[in-house]
Amino acid sequence: MDNMQRNKKRDIAEKIVEAIFLICALVSVVSVAAIIVFVFYKGLKPFFGSDAYSFFDFILGTRWAPSEDTYGIFFMIVASVLSTAGAILVGVPAGLLAAVFIAQVAPKSLIRIIKPAVELLAGIPSVLYGAFGLGIIVPLIKKISPKVQGQSMLAVIIVLTIMILPTIVSLSESALNAVPKSYEEASYGLGATHMQTIFHVIIPAAKSGILSAAVLGIGRAIGETMAVMMIAGNPTAGLPDSIWAMVRPLTTNIAMEMGYASGKQSEMLFATGVILFVFIMIVNLTLIRLTKKAGEK
């Protein structure tokens, strides 16, 4: 009888724990669903009704002037894409090579210095990156820029590159360290040098983890707001014609005006958020698919 009671209590306790786990898991799902429903409801509202704004004018417009009831974000989409692409083109190779150095080349005495520095870089608040960019990078660019200002797409690319490096380095290093030692031993046994082994064996074997690091790096670069807002220049119109031009990414547009916007302006800012959300989802799903294919190979 005592055993039956103990078993019954144990079963009840297990069911309670399972229910707690289920609730914790549902919190994430419900939170994501609530955010999506709220943002899409608010963001799609201005395109329906008697005073609906043209969706094509919104997407293809190159001027943002709420005082004149003009809301075009195409130049912001271009700025976001180009800034993110520039940061990824520079940051991913640099981060990967840094990870290779830490995981395969550097002596332990040097690793003890580099790894904490990378981890510290990941913990610096975004606003400090922006302050660094505004105080150091922007003045340097101003000296060599053909334009009068230093706030530019180039400044955004440089700061975003620095910001995504810790993510790329840490995850890529973990992926490289996870490659079985037997791969290296087999490569050495065939007569390959250390560098040949790194670039022809270890990196290809870790490509799934490296691509995952790139996905997270892209996510941070696209979604960064505060640091970018301080160094981008944030014009209200015009497509960027060079890396020296000022830009206004989607994220900074929302952050700059949401605090005081109301009425249609507020709704159009939510619409900007919808475009940003869709854009990020497309990029992430594409890269995740590529990562899975790389893992299967």
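These questions and answers concern a predicted model.

Reader: What makes Phe56 count as exposed or buried?
Author: Its relative accessibility is 61%. Exposed means over 50%. Phe56 therefore counts as exposed. Its place is in helix H2. Phe56 lies 16 residues from Gly72 in sequence, and the two C-alpha atoms are 8.9 Å apart in space.

Reader: How do you know that the span of helix H8 agrees with its number of residues?
Author: H8 covers residues 194-205, which is 12 residues. At 1.5 Å a residue, these should span 16 Å. The end C-alpha atoms are 15 Å apart, which agrees.

Reader: Which residues of H8 are buried?
Author: Thr197, Ile198, Ile202 and Ile203. Each is under 20% relative accessible area.

Reader: Why say that the buried residues of H8 line one face?
Author: Look down the axis of H8. The buried residues fall within an arc of 140 degrees, so they line one face of the helix. They pack against helices H3 (74-105), H6 (153-177), H7 (181-189) and H9 (207-223).

Reader: What makes up the largest nonpolar core?
Author: This core has 47 residues. Among those with the most contacts inside it are Phe58, Trp64 and Met268. Helices that each supply at least two of its residues include H2, H5 (126-144) and H12 (263-296). The largest share, 10 residues, comes from H6. Apart from this core lies another, of 12 residues, including Val179 and Ile203.

Reader: Which residues is Phe58 in contact with, leaving aside neighbours within four places in sequence?
Author: Among them are Phe47, Trp64, Ile73, Met268 and Ile275.

Definitions and conventions
Residues numbered from 1 in each chain as written. Predicted model: local features only at pLDDT ≥ 70, side-chain atom pairs only at ≥ 80, totals over all residues. Heavy atoms only, no water. Helix = DSSP H or I, 4+ residues; strand = E, 2+ residues; numbered from the N terminus. Expected span 1.5 Å × (residues − 1). Buried < 20%, exposed > 50% of the residue type's maximum accessible area, 1.4 Å probe, protein only. Arc of directions from axis to C-beta. Contact = heavy atoms within 4.5 Å. Core = buried A, V, L, I, M, F, W, Y, C linked by side-chain atoms within 4.5 Å.
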